[in-house]
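My notes follow the model.

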Amino acid sequence: MKAIAYEKFGTTEVLQIVERQNPSVKDDQVLVKVKTFSINPMDWKIRKGEMKLMSGSKFPKYTGADFAGVVVATGTSVKGLKKGDEVFGVVGNIMKDGASSEYIAVPANLVWRKPSELSFAQAASIPVVGTAAVTTFEKMGHTDSQTTVLVNGATGGYGMFLMQLLSQTDADVTAVTSAGGMRYAKQWGAARVVDYKKEDILAQKHTYDIVIDLSGKMGYRKAKQIMNPRSLFLNPTPKPVEIILSKISNFFTGKKHQVVLSSPSKKYADALLAAIRNGFEVKVNRVFPFTEYRQAYQYAEAGGFVGKVVVEFPEER
């Protein structure tokens, strides 16, 4: 079977299509024929070596975390899933496993039935960023109409879910996005929208109770300029060193830096599916064919688009 792998850290040029053996299925796993997998920032952070303290430096490595497809076999202890079920899910170890294979064996507790109203591309877009958004939302704590929130990178994959969660609160939300994302940010509940190419949010006089850096491009050091004396910076895309430094620096300031670490589970999948049934939008910006995998990753890393980027395997294989 075909899969996307790399033998060293680097740019998208290190990615290549390789042949692998079809995986065998353990008792607690399901074998899925993958139809689509989505691209997440963690993919290129690992590939560039930014996460090597957590991912290790053993090669080959495989890319991709969340996917959608069809069950072709189940382990002996698996209940609730059967051959032929349309499903979506996430690999067991994001740092080491990859969803960019024609077939993958994954723990059954990380696979869920795909709602019929969702396409395979939409379903593959949910687990990683959806879980991160729900976790970030939980970390915010209590908010009310006096709570000022800034979301930087408000209409990418993370933002798509987080903005719609925030719209259910009374919080006063400012969204930073591209020109193409402004309409969606307003649609998803932002009181104010800033085009980052026209305005520098750090140069404005507004300050915030909560700053959420979904783009990973602002950082806590810069964000402090626009944070209230007692406020919270939420970082869902941390580098390993930031996990350590955030705990130390928080002893000395009222401007807290909190790293958000998330892990997909049934709890979060159920919450996300319920939200989608109640009208949450799952926006897929672009679907690339498997043969254009490098272009897909280059497009995703460039950013500036709304929603998720997905790669699709050919139908006949």
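The notes below cover the helix pair, then the pockets.

I worked on a predicted model, where local features need pLDDT of at least 70, side-chain atom pairs count only at pLDDT 80 or more, and totals for chains, interfaces and linings use all residues. Numbering runs from 1 along each chain as its sequence is written, and side-chain values use heavy atoms, without hydrogens and water.

Helix pair. I looked up helix α4 (residues 127–139) and helix α5 (residues 157–166): their axes come within 8 Å and cross at roughly 40°. Axes here are lines fitted to C-alpha atoms over the stretch in contact, with angles from 0 to 180 degrees between N-to-C directions. Helices are DSSP runs (H or I, at least four residues), and strands are too (E, at least two).

I noted the contact (heavy atoms within 4.5 Å): α5 contributes Gly157, Tyr158, Phe161, Leu162, Leu165 and Leu166, and residues of α4 including Val128 and Phe137 take part. By class I found 11 nonpolar, three polar and no charged residues. Nonpolar means Ala, Val, Leu, Ile, Met, Phe, Trp, Tyr, Cys and Pro, charged means Asp, Glu, Lys and Arg, and the others, Gly among them, are polar.

Pockets. A pocket is an open set of points on a 1 Å grid over the protein atoms alone, where a 1.4 Å probe fits, with protein on both sides within 12 Å along at least five of seven lines; lining residues have an atom within 4 Å of a point. The largest pocket is lined by 46 residues, divided into 17 nonpolar, 17 polar and 12 charged. The second largest pocket has 21 lining residues, with 17 nonpolar, four polar and no charged.
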